[in-house]
Amino acid sequence: MASSFTNMADTAIEWLTMAFEAPFAQAVVFGVHIGGHLFVEGLLLVVILFLLSQKSYKPPKRPLTKKEIDELCDEWVPESLIPPLSEEKQYEIPVLESAAGPHTVVEGKEVVNFASANYLGLMGHEKILDSCTASLEKYGVGSCSARLCYGTIDVHLDCEARIAKFLGTPDSILYSYGLSTMFSAIPAFSKKGDIIVVDEGVHWGIQNGLYLSRSTIVYFKHNDMESLQNTLEKITQESKRAKRLRRYIVVEAVYQNSGQIAPLDEIIRLKEKYRFRVLLDESNSFGVLGSSGRGLTEHYRVPVSVISAGLLIDSSCGYCSLVLQVDKIDIITAAMGHALATEGGFCTGSERVIEHQRLSSSGYVFSASLPPYLATAAVTAIDILEKSPELIKKLKENVAVLCADVFSSDVEEVSFRDTFSNLGVEALHLIGACWRKRLSDIPGLSVASDPLSPMVYLVLKNSTGSVKSDLQLLEDIADCALKEHGVLVVTSKRSILDKCRLPVGIRLFVSAGHTESDLCKTSKALKKASEAVLSGHN
Amino acid sequence: MIAIPYLTALTTYFSYGLLFAFGQIRDLFRKVLDWCRSNNLQGYAPICLGLEDFYVRRLYLRIQDCFGRPIASAPDAWFDVVERQSNDNNKTLKRTEKITRCLNLGSYNYLGFAAADEYCTPRAIETLKKFSPSTCSTRVDGGTLTLHNELEEFVAKFVGKPAAVVFGMGYVTNSAILPVLIGKGGLIISDSLNHNSIVNGARGSGATIRVFQHNTPSHLEEVLREQIAEGQPRTHRPWKKIIVVVEGIYSMEGELCKLPEIVAICKKYKAYTYLDEAHSIGAVGKSGRGVCELLGVDTADVDIMMGTFTKSFGSCGGYIAGSKELIQYLKYTCPAHLYATSISPPAAQQIISSIKVILGEDGSSRGAQKLACIRENSNFFRSELQKMGFEVLGDNDSPVMPIMLYNPAKIPAFSRECLKQNVAVVTVAFPATPLLLARARICISASHTKEDLVKALEVISRVGDLVGIKYFPAEPKKEHQE
């Protein structure tokens, strides 16, 4: 053993000596022989490797000391919680002393009320009051709970079933507030990465819902179908992963900010071509448009959902399959605080859509349910609407009359209704449309809304250029109309959070409860008020 | 803080794992079966993606009958629960004609105003006849009645602030106020267990959000110091303003907020305080004025006080109370004020009447009786439950008491067994609570009598033994040892 070890050591020493004395290991530097430079190079290599393996130099981290943080905290001065109030914002809000029906009392005087969206005149209807009284006595005022925790009262379920039956959809869901309907429904169906194409004139509820959903939002020009088509074309070309992305178009039936009506047949044609789903907000058109008040879908004769006979695919699987024919409109929402003269909102659509919202819509799950007497009021209102469709006709007549200038010299004597009552509603529209040109008799204001819209929207003909001064002028006109002529009209107010850039204007909510004399009085009052204010301004 | 026993944690994980596994197997079968049938979405993306509602389809639907039970009467101390039946294994539930009279331990009816009340209801009906159920317009258009102004004055007086503004729904109040007060460049520090409406409002505002540990003022101080020193993310500019959002009573824990310490810290670091008193207004405090009165905090120290009327006042809606300038500013800018229908007149009248009863201005002492009653009831019930060995959360004087269940199978067991014995309880699971910490939440009301509570305790004790949720040793009853 020892001998083999010494042999190995000898061999190793021999090798080393060879390495040192080998001719290529010899170098001549400045005439001096240096042996074994390989050895030196090997050493250098080791040193280089050692240096490389060291960490690079970093300046040491010096966290802030307690004293420094104290100083920073003392120095920091926050802004005040609210900015100082400017002078222009001091407009007065009219305070009503009686119910907000077609006639109301403001500061002791009776005025004609065009500021409440009481389209069918159901406010103060006896049947509604009776059913609400019974409901109050049975259930109390509030429901005291969320829907999932004993807050579901049988009147809620009845109301949902009634709405679904009225609209011809499988199911519907009730929300406790009109504003929260849209901004809870949208985030339930659209998450980060999905694409939503929306009109630029939608109201704040929808804008907030879009923001909360964190999806990609694309705006198109207000009520402009060409712009919509171009946008859809662009998006379809851009996104290649379109199969798993959900894509929506969000429109309102009657826009709150301008009174325009969305052309539903065009939208459906585009939606089917580009494979988008449609969300429709029918707050101002439910109970108003269509021959029996079922809204924009009835007006354009579009079936909301088509349930063909045959297999209904079980929708409890991982893939959602709707009924056999894809719905024309996927989701319809509406606030009930307009035509139905109650509060709250609802959403309707296919069963899958509604079931999903019952667990994932935050305004439904985490909030108390609608007070039961308001649900009863909604059911009664729909019953009344179904039994008396003449209310809708009356509303349409009123709108046409208001837009026409009844006080032109030719027709002052003749009663509008007598002459034209035998003509159908379509004829009335035509006449109203012709006479709309006469509305230029109101100096400085023009009608910006659709002739069928129950909300007449007047804008300044010559805008002053800034929203603030426009609003000031319109406020003055409204003020003058109220104080001197006894007509309550309102301007459209914008919150600082609202992104809508459409022009501000005066809104007139026409009701089926208004009489002809009310309408005449109003157009007269508006003429005089705008003359007074605008001439003074010029 | 809840400390889950080790064995229970293991069994809970195991249960969830089993449910998850079975759910995946069923999904697999469904996928295979659906391959044969044609998919008729015709090129549209599915409206609900596959995994998003896995929890709903495979876990929640099995116990769907424990949630959303409809009732057929007012949510008073005793109410009628409508029975539902299912033909397809709980996927859809249909109402039947049968109703059962049950003891109500689930509704937020703290002061007993839920049912028709002798003082409030006639006045509400009168208002209904005068002003009709809705104003159909926003507050700034034609929706402000004299009633609304009266209501706001009352609320401001009751809460102890100079002015108040009232909205028609509590959820919308939070979601629409926070974006107005703070925007990009601001910081919101909120408690980790805050309600969904606050989270939504904070997200909608665009400000940066930081969370501090639940009810821990020292951690809040740490977070504040760190954030003020660092400034805005990436640019390190100083923050424009900081708002700290806390709740009076946390509805899932039943705990009171440590308000005096938190207010002191906010004052020291110049942050604004926002207090959400949804559950505590009207229910705690000597005269029902909420958490500030109970803990001795001056209302002038809290910048923004928010609350809802659903719980203690038997109505609907929410309010914000603050300084006069703040309320005026909100009235001009808040979207809920400018765009949403005003609060329904009978509901407003109910709030005014119930505040009058609480303050004793209706000429009787019912208000003081109710407040004393709810305090006694809550303390009695909580101490009895703890003696029996249940794990009950929450502080003394708080009318909300969650009983821990932990295991997912105990949720439907507890709920169904209690219903069989005519006691209606609310069980809460994921996602309202963390996955492991499922619980049954009991809400005590001033309209519960002593007999009702004793009956409830009996039933809960029996069911607790059956289901096995007495995690602590019961205190031995001294009388039985003689």
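This is a predicted model: local features need pLDDT of at least 70, side-chain atom pairs count only at pLDDT 80 or more; totals for chains, interfaces and linings use all residues.
UniProt, in an unreviewed entry, places a "transmembrane region" at residues 6–23 of chain B; such annotations may be inferred rather than shown by experiment. Residues are numbered from 1 along each chain as its sequence is written.

**Largest cavity**

- A cavity is a set of points on a 1 Å grid over the protein atoms alone where a 1.4 Å probe fits but cannot get out; lining residues have an atom within 4 Å of a point.
- The count comes to twelve cavities of 30 Å³ or more.
- The largest cavity holds about 280 Å³ of space, its volume being the space filled by probe spheres set on the points.
- Of its 26 lining residues, the closest to the centre are Gln256(A), Ala335(A), His338(A), Tyr339(B) and Thr341(B).
- H7(A) gives the largest share of this lining, four residues.
- Domain 2 (94–122 + 389–534) and domain 3 (126–386) of chain A, with bounds from an automatic or database domain assignment, both give residues to the lining of the largest cavity, so it lies between them.

**Second largest cavity**

- The second largest cavity has a volume of about 70 Å³.
- Its lining includes Gln256(A), Arg507(A), Asp141(B) and Tyr339(B).

Notes:
Chains are lettered from A and ligands numbered from 1 in the order in which they are written. Side-chain values use heavy atoms; hydrogens and water are left out. On a 1 Å grid over the protein atoms alone, a cavity is a set of points where a 1.4 Å probe fits but cannot get out, and a pocket is an open set with protein on both sides within 12 Å along at least five of seven lines; lining residues have an atom within 4 Å of a point. Helices (H or I, at least four residues) and strands (E, at least two) are DSSP runs, numbered from the N terminus.
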